[in-house]
Amino acid sequence: MSGQDTAGGKWQTVKTKQQDVKKKRGPEPVAQSGRIEATDSVFSALDQWYDKKQDSHQKPAESSEVNDASSPSDAGSSTGESGVPKPPDVPRRIKKPKAKLAKITPSQAASGLDSNKISHVLLSVQQTYPHNQLSQLQTLGDHLLTTFQASELPFNKLLNEQYLEKVTDIPLQDLPLEVKHVLENFAAHLDVPVVSQFIMNILAAILETVPEANSKQSVPKAKVGLLIMLSLLLRTTPAALLLRSKDLLLGGKKYSGPNRLPLLLWLINQTARSNPAMGIAVWLRVLLPQIIGTQLPTVLQKTAPLSESAVLVMTPIGINVSLDYIQGLLNIAQEAPLQQQTNDHGFPEWHGGSANLCASNSLLHRLACIGLRYSGEGGTSIVEPVVPPAALDAIVRSQFTDSSHLQIAQRIKLLKQYEVLRELAFAGSQAGGFDCKESLRLALDTAVLSDGPYEGPGDETVDQAARNILACIAEDSQAAQVWETRHKQQLRGSTRVLQHLLHVYPKHFQPLLATAKGKAGLLKLLQSLRQRHQTQLQQGKGWTRTCAYASESASLALQKRVRNRGASLGWLLMFLLSLVLAAAALLTNKETQQAFHAFSDTQAGSQLIHRAQSVHAQLAPYLERISAQAAPIVGAIQVKVQPVAQQIQATLSSMFVSEEPT
C-alpha cells in the first residue's frame, strides 16, 4: 500500500494492482482437508494438516447408537460442512478363512505306487531313451518327484535332532518293498559314471532345501521323491559317490558346512549300508582332508573370494562329529582287546599287526583285501584301495607336527583310528589296490620333516615312517627297489630311518625276519644302500657327508645284527629244548613227583601254582605268536636234529638189549 496527501490534508489508502485483481476474481475457494493449495503458505498448511490428523486419531469412532439418533436428513446428506461431496460408504469384504489341507505323509503318497505301474514307467522310459541312461534317470526322477510332491517331511529337522542310523532309512523305508526291488534291478544295470553324474544333479536340487549357516531366507520343503531316488542309487551303486569325492572335497562349506554336514554324512551312510568299506573310503577322501586341513589347488585359490581361506578346515564341532562317525564304522572291524604290552603312547606293540583286527573274522578286513572294484568309462575295471597311502601319511604328519590345529582329545581319537586304518591299508597290499611303493615314498618324505638329529633314535614321525617302510618291504619285495633309488634323493629321511631302526632293533623287524626270504632281502637292501651313498661319503660336504657317514654306520651295524640273529636264536632254542628235556626227566622221577605233590599241598605251593596259572593265561597269546613265527626255524632245526636223535635212540635200545640175560 501507499499513502497520498489529499486536499483535506489527510492520507488515504491506495490499493495495489494485485489487490484489484483479487477483488475482481472473487473469494478464493476453501481448500479440502488434507490438501495443500498453491496459494497457501507452505508451513501453515502443513501445520493445519498435521493438527487435523492428530485430532482424527484422538476422537473415538461414533457408536451405532449415535448413528441411530441422528436425523435422516443428516444420514442421507452427501455433502459435508465445507460443501465437499463425501465418498459413499463401501461395505468391507469379509475374508473367508482358508481351509487347512490335511498333511500327506510319504508313506501315504507311496501307497499309490505298485510294481506294475513302476515297471510300466521304466519300460516306457527305456523305449523312449534306449541309448541315453542319463535321460532315463532324469525321467524317472521327475516321476518320483511328482508322485511325492504333495507329501511333507521335516527332513532337515530329523537330520539335526535324530541319530544318523535312524534317519538313514528315511524316506526310503516308506517305499513299498516290491517297488523298491524293481527300481534296484533297474539301477543295477546302469553305468557307474552316469549314475555319478546324476547324483550330483539331484544333490544340487536337494541342497536348495537345506539352509546354509546363518541364512535368513525361506527354505522350500523337502523334495521327498529326489531323496528316495538318491538313497536308492547310492545303495545300489555306492561307487558313484566315490567318483565324486574330489568334487565334494573341493566344494568345501557347500557340502560340509555346519548345516550341510549332516546331509553329507547321510549320503556317506547310504553307501556304507551297501558296503562299509566304501563308506570309510569316501570319508577318508572327503572329510579327513578337511579335518586335518588341506590346501586348496592354485586354480581354486584364484577364483575363491578374498574372505575365504586358502585352507579347507572344518569347525571343531564338525571335526568331533566326523570322528565319531568314522569310529562307528571302524567298530565293525574291532574286537575285544587282548592283554598285551603297550608303547609309550598307550598303543599295542607291533606283533605282525597293531589294531588286533583278527583278519579271519573281520568283515572290513576281507573287504580291504579285495579292494573297491567297479567299472569306469568304457567298461574298464578299476580297483582302488579302501585306505589310500596318502591318508596314512596325512594322519602321521598331523599328529607329530607342531602346526596341527587339532585339540588333544581329537588327536588321541584320530591316532587310535589310525591304527585300525593302517591295518586295513596293508591288508589290501596284495589284491586290494594298496600301493606299497607309493606308501614307502611318502614315508621317506615324512621322515625328512623331522627336526631331530641325523644320528640316534628319531622322534615319533621317524618311528612311524620306519615302521611303515619295513611293513611295505615285507608285503611287496619290489618296494625295496624304491628305497634304493630314492636313497640319494631323500638322504636326510633315509638316514634318519636307518639310524632309528638301529637303535630300536629288533622292533618293527618281525615281518621281515619271520622268513628266510625276508631276511635275505633285508641284507641285500642294506648292502645296496651302502653302495648308493659311497659318492657322498667320499666327496660330500656339510650335511651330505654327515648323513652319508650316519647311513654307512647304521647299515653296517644292522647287517651284523641281522646275520647274528639266526645263530643266537638257534642257541636260544637249544637252551629251551634242554630245559624242557630236563623238566621232563625230573617229572618222570617218582621221588620228584612225591616232593612236588607234598609242596603243592602247602600254602606257599598253592600260591605259587595260582600265580603260574595267571602268568600262563597272560602269556598264552604271545606264546601262540612266538610259536607261529618260530615254526620255520624249529622245522629246520628238527630236520637237522632228527637223524642224530634216531641214532641216539638206536644206540640206547641196543645197550638195553645187550644187558638182558640170555
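**Notes on the predicted model**

1. Leaving out residues up to four places away in sequence, Ser 439 touches Pro 389, Phe 434 and Cys 472. The model is a predicted one. Ser 439 belongs to helix H24, which covers residues 436–448. With a relative accessible area of 6%, Ser 439 is buried, because the cut-off for that class is under 20%.

2. H24 packs against helix H25 (residues 460–475) at an angle of about 160°, and the two axes are 9 Å apart. H24 is therefore roughly antiparallel to H25, since angles over 145 degrees are classed that way. On the H24 side the contact is made by Cys 436, Ser 439, Leu 440, Ala 443, Leu 444, Thr 446 and Ala 447. H25 contributes Thr 461, Val 462, Ala 465, Ile 469, Cys 472, Ile 473 and Glu 475. Ser 439 and Cys 472, which touch each other, are both in these lists. The crossing of H24 past H25 is left-handed.

3. Asn 468 is also placed in H25. Is Asn 468 buried or exposed? Its relative accessible area is 8%, so Asn 468 is buried. Apart from neighbours within four places in sequence, the contacts of Asn 468 are with Tyr 418, Arg 422 and Phe 426.

4. The loop between helix H23 (408–427) and H24 holds Gly 428. Gly 428 has 1% relative accessibility and counts as buried. Setting aside residues up to four places away in sequence, Gly 428 touches Ala 368, Cys 369, Gly 433 and Phe 434. Phe 434 is also among the residues that Ser 439 touches. Gly 428 and Pro 385 are 43 residues apart along the chain, and their C-alpha atoms are separated by 6.5 Å.

5. Helix H7 takes in residues 133–147, 15 residues in total. From first C-alpha to last, H7 reaches 21 Å, close to the 21 Å expected at 1.5 Å a residue. At the start of the helix, a side-chain oxygen of Asn 132 comes to within 3.3 Å of the backbone nitrogen of Leu 134.

6. Which residues of H7 are buried? They are Leu 134, Ser 135, Gln 136, Leu 137, Leu 140, Gly 141 and Leu 144.

7. Ala 150 sits in the loop between H7 and helix H8 (155–161). Its relative accessibility is 49%, so Ala 150 counts as partly exposed; the exposed class starts over 50%. Ala 150 is in contact with Ile 104 and Lys 221, leaving aside neighbours within four places in sequence. Ala 150 and Lys 103 are 47 residues apart in sequence, with 8.1 Å from C-alpha to C-alpha.

8. For the chain as a whole, there are 33 helices and six strands. The protein chain has 662 residues, of which 37% count as buried. Taking contacts between residues at least 6 apart in sequence, 73% join residues at least 24 apart.

Notes. Residues are numbered from 1 along each chain as its sequence is written. This is a predicted model: local features need pLDDT of at least 70, side-chain atom pairs count only at pLDDT 80 or more; totals for chains, interfaces and linings use all residues. Side-chain values use heavy atoms; hydrogens and water are left out. Helices (H or I, at least four residues) and strands (E, at least two) are DSSP runs, numbered from the N terminus. The expected span of a helix is 1.5 Å times one less than its number of residues. Buried means under 20% relative accessible area, exposed over 50%, partly exposed in between (1.4 Å probe, protein chains only). A polar contact is a pair of N or O atoms within 3.5 Å; within protein, one must be able to donate a hydrogen and the other to accept it, and residues adjacent in sequence count only if both atoms are side-chain atoms. Contact means heavy atoms within 4.5 Å. Axes are lines fitted to C-alpha atoms, for helices over the stretch in contact, and angles run from 0 to 180 degrees between N-to-C directions. Angles under 35 degrees count as roughly parallel, over 145 as roughly antiparallel, 65 to 115 as roughly perpendicular and the rest as oblique. A crossing is left-handed if the near helix is turned anticlockwise from the far one by less than a right angle, and right-handed if clockwise.
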